[in-house]
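Let's take a walk through this structure by way of its side chains.

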Amino acid sequence: MSNLEDNIARAQGYLARFRQDGVPNHIAGTACPALDGETFETISPVDLAPLARVAHGKAADIDRAARAAKEAFPAWAALGGAARKALLHRIADAIEARAQEIAFVECMDTGQALRFMSKAALRGAENFRFFADRAAEARDGKAMRAEGQVNMTTRTPIGPVGIITPWNTPFMLSTWKIAPALAAGCTIVHKPAELSPLTARLLVEIAEEAGLPKGVWNLVNGFGEDAGKALTEHPDIKAIGFVGESRTGSMIMRQGAETLKRVHFELGGKNPVIVFADADLERAADAAVFMIYSLNGERCTSSSRLLVEDSIYEAFTAKVAEKAARIKVGHPLDQQTTVGPLIHPVHEKKVLDYIGIGRSEGARVAAGGTKFDGPGGGCYVAPTLFTNAHNGMRIAQEEIFGPVLTAIPFKDEAEALALANDVQYGLTGYLWTADITRAFRFTDRLEAGMIWVNSENVRHLPTPFGGVKSSGIGRDGGDWSFDFYMETKNIAFASGSHAIPKLGG
């Protein structure tokens, strides 16, 4: 049996439980169907075969989950930070113990390649460990002295929160949102993306088996128009953490306005990688290729616009095209695969339609540009590079969310900056130059929440993660996560007998 055949056999073993039992909701510590009994079907993008019947939660299910989270909140919030730390570390241990199962299920559910998803569980466990170690200090504040007064701040968990996660790397992104919420002392109602719900079920199961009290973490599957809308409108839910499309973020903000929801949005991106002629061009090319074609290009931080100084534009784009053409497209469980199938036929059509739009706009396909005949006949698209493009094209302005890169030349630093900023998004930017003074100038004026200089996206967990403009609101990471999941309280102590104004005396 080949490595791929062995991996497929193992994956089918992990998936058997979902095919047999489906994917239930999980409320107050109990796996349960939707209250009205409805389900929907999820399919694998590898071969479009059904994976499971999934509970189709709606407003009544969300209400039940929110009430469970509200009931569990006082005891969970009162638990000491040291106890929460120990429990979150046990969850991390349990995630690592089931790393292969998580990776294989995620590959078949999302189409992401094993070479990346093999690290999904480890990154998820790392998220839990990072925030576990900060649980004991999450409520710490600061002392501020004034004349005759000492002020002391403290933080308290905001209450039950709603977490809505996307379909592209669902396991890791769920841990990125849920771990700090638990560390802060919040309880949770989690609605995963309907296109990739399987590992969310594994995650809540792992957490409760590790000792998480019932009702602290509740899971309701469903669609944005029913379960998602009910979650964002529910009066017992105090905040919404959402990762997904900018348009959906806008809808959530409107839906949560009536109940004054706090929101944190990590939304779309049309991120530039800017390459100057003085850069290390081989490293820059490798980084640009990695950041658009890894994870099938289905990542918010992908470098989907390649801005290149015109003196090196032809040579550099030829180098990128050569690298793109060598990328292996194939079954996600093949260890050699870099690009697997896209998440769903509807999304595959969207990406292929954008490739057609790019052609019609006059851009040249330098690599890819077609559907790929991959194993299983699923949603495969060849890694694509457009050249001879300009920033006014739709392929340069709109988020495609697939393995499609648009290369645009610039003549000088001023034009590079203007091109980089001339989109509605502002999530990340990647700058390649040997000129350190230029790097300081450029990053100071680049409209992005996160910028890497002479590097691909290398995450450091204590740093803030988030975007500007249509790319989001708020920051995750380090203490910034606690700022979202907690309320800050100030207590002022008089340090003397100051004169109090007398009225009516």
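In which helix do Asp63 and Arg67 both lie, and how many residues apart are they? They both sit in helix α2, 4 residues apart, which is about one turn of the helix. (Helices, H or I with at least four residues, and strands, E with at least two, are DSSP runs numbered from the N terminus.) Before going on, keep in mind that this is a predicted model: local features need pLDDT of at least 70, side-chain atom pairs count only at pLDDT 80 or more, and totals for chains, interfaces and linings use all residues. Residues are numbered from 1 along each chain as its sequence is written, and side-chain values use heavy atoms, with hydrogens and water left out.

Back to Asp63 and Arg67: their side chains meet in a salt bridge, 2.9 Å from N to O. That term means a side-chain nitrogen of Lys or Arg within 4 Å of a carboxyl oxygen of Asp or Glu. Side chains of opposite charge can pair when their charged atoms come close. Asp63 is partly exposed at 29% relative accessibility, and Arg67 is partly exposed too, at 45%. (Buried is under 20% relative accessible area, exposed is over 50%, and partly exposed is in between, using a 1.4 Å probe and protein chains only.)

Across the whole structure, a search finds 34 salt bridges. One of them joins Lys58 and Glu38, with the closest N and O atoms 3.2 Å apart. This pair links distant parts of the chain, 20 residues apart: Lys58 is in the loop between β4 (50-55) and α2 (59-78), and Glu38 is in the loop between β2 (30-32) and β3 (39-43). Another salt bridge, between Arg98 and Glu101, spans 2.9 Å from N to O. Here both partners are buried. Through shared partners, salt bridges join Arg17, Arg98, Glu101, Arg201, Glu205 and Glu209 into one network.

Now for the rings. The structure holds 13 aromatic pairs, meaning rings of Phe, Tyr and Trp (its six-membered ring) with centres within 6.5 Å; planes under 30 degrees apart count as stacked, over 60 as edge-to-face and the rest as tilted. Phe131 and Phe482 make an edge-to-face pair, 6.0 Å centre to centre with 80° between the planes. Phe131 belongs to helix α6 (residues 120-135) and Phe482 to helix α17 (residues 478-485), 351 residues apart. Both of these Phe residues are buried. Ring pairs link Phe130, Phe131, Trp176, Phe465 and Phe482 into a cluster.
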